[in-house]
Amino acid sequence: MIKLENVSLVFQGGSVALSNITTEIKEGDFVYLIGHSGSGKSSFLKLLYRDTYPTKGIIDVVDMEVSSLPKWKIPILRRKLGIVTQEPQLLEDRTTFENISFSLEVLGYDAKEIDAKTSTLIDLVELQDNAYKFPYQLSGGEQTRVAIARALASNPLVLLCDEPTGNLDPDLSIQIVSLLEKINRAGTTILMATHDSSIVNRRKKRVLELSDGKLIRDETEGTYV
Amino acid sequence: MNKLSYVIKNTFINMRRNPLLVIATVLAVLVSSFLVFTTLSGRAVVQNNTSRWQNGVHVVIFLDDRVTTTAHKQLQESLESYPEVRMVDYFSKDEATEEFKILFKDQPELVQEVDFEILPSSLRVNLNNPSDYTLIIERMEGNPAVKEIRASGEAIERLLSLTNTLVLAATVFAILIAFAAFILIINTLRLTAFAKRKEIKVMKLIGASSTYIRLPFIFEAIFESLLGTSIAVGLGWGVIQYSKDSVVAESIFDITISDGYLINLTLGLILSSVLFGFFASYVGIRKALNE
């Protein structure tokens, strides 16, 4: 599903974000990408959804050669991925329902499909009581749930989550991870960047650890050391 | 279909965000297009008129009545032998008198007081190419039978030169205003894009294509440009209709301009406004999309 071969990312000015990364994530995996701030987690994810491109190496995501992907094909790649950022990036002037249906509208669904699918996604993230609330009326955890529901609108093969629990307290973080596990059980591959040791240690999943841009650990049932 | 409704809906949502800028943009496009329309129409009218005048008499050679009519006749024959000359008409003193009476029939006092003896006979020359009038003047100068030479070509050239200067000035002015309109459109779109930066970011993450994100902005720019140009063209047609019935049209100018020319001009301006809006939107939104 995701394959990196000798991937390096060096920024202008010479600072190394990622160095010679080789790894593979299979379909249906749930993988934690861990490491301290500045270790290269966000850069790793950005390479996968082609927000940036590698200085060297080959990246293959959902059968698309991302490292040499022409600009016009980026939307095609992203429709196969769900992306959740640390800041939920919700549209402040729209309700939960509208924030989710916005994705479907952009993806070209018709009105009936949008209504039905939005309701299903709201049920999935358990926000039925908050469907017509605006983002400022939601807690941090609820906002993250909306962002996850929106990312799932395109039925993605892979969900890339960049520190989705970064701003949440431990209980809410566990709820979000539980939700992601539910989504994973339904068949979606999940790669979640986090530096939250409690989550990683409680839910033993595959762990990829980055340090100074290098992949220093790859464990099937890893912990946050 | 759903995508199209999204684009149209968002075009008008975007425009509602900055109504004053939208009005300013439409007005700037309107003034610029109106200037282009009226300038080009005006030039066409002048060209029609000058062309009509040029088809008439190009050089009038007033004859010295102290020389014999034989000399006048020889002069006519010599003129007719020039390859540049199409036709030469002899206009006698009597004919000049009749013409004077017709021209000044509304001023009987003048007609009564004038001594018609002073009106000279003349040769009225029609040239194959009106711009050759200088050759005729050169050849006739110093001829004892010639009293004075007048060429309509000089007046026409002066008029055309004046018209060209006016057209040039109006064109420069129109370009300046069009440039202002261009900047206004870019500014409006950039403000909208800034207000919608989060929405654009989300759209990019979801997998919306650049074209799809760009479309509401393109539609907005084209709509503003088209609206301004359409009003300007409508006003331009109105001005031409009004001018046709005006005093100027009855006295000096014949305000005739073919519908074909006006339709072509209208279509040209409409097409230009679409391209103008498209290009302005491309420049305006490019930065927002690359961020």
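Here are some exercises on a predicted model, each with a worked solution. Residues are numbered from 1 along each chain as its sequence is written, and chains are lettered from A in the order in which they are written. Local features need pLDDT of at least 70 and side-chain atom pairs count only at pLDDT 80 or more, while totals for chains, interfaces and linings use all residues.

**Exercise 1. Work out the order of the strands in the open sheet of chain A, and find which stand at its edges.**

Step 1: Four strands of chain A line up as β2-β1-β4-β5, with antiparallel pairing. Strands are DSSP runs of E, at least two residues long, and helices are runs of H or I of at least four, both numbered from the N terminus. Two strands pair if DSSP finds at least two bridges between them.

Step 2: β2 (16-25) and β5 (64-65) of chain A each have a single partner strand, so one side of each has no neighbour in the sheet.

Step 3: Now look at β4 (residues 56-61) of chain A, which two bridges join to β5(A). Opposite A:Met64 in β5(A) stands A:Val61.

**Exercise 2. Find the residues with the most contacts inside the largest nonpolar core.**

Step 1: A nonpolar core is a set of buried Ala, Val, Leu, Ile, Met, Phe, Trp, Tyr and Cys residues joined through C-beta atoms within 7 Å. Buried means 20 or more other C-beta atoms within 10 Å, exposed 12 or fewer, and partly exposed in between, with C-beta atoms placed from the backbone.

Step 2: The largest core has 101 residues, and A:Leu33, A:Leu48, A:Leu160 and A:Leu191 have the most contacts inside it.

Step 3: Beyond its neighbours within four places in sequence, A:Leu48 is in contact (C-beta atoms, placed from the backbone, within 7 Å) with residues including A:Ile2, A:Val61 and A:Leu160.

**Exercise 3. Decide whether A:Glu27 is buried or exposed.**

Step 1: Locate A:Glu27 in the loop between β2 and β3 (30-34) of chain A.

Step 2: A:Glu27 has 12 other C-beta atoms within 10 Å, so this residue is exposed.

Step 3: Look along the chain too: A:Glu27 and A:Ile190 are 163 residues apart in sequence, yet 9.0 Å apart in space, C-alpha to C-alpha.

Terms used. Contact = placed C-beta atoms within 7 Å.
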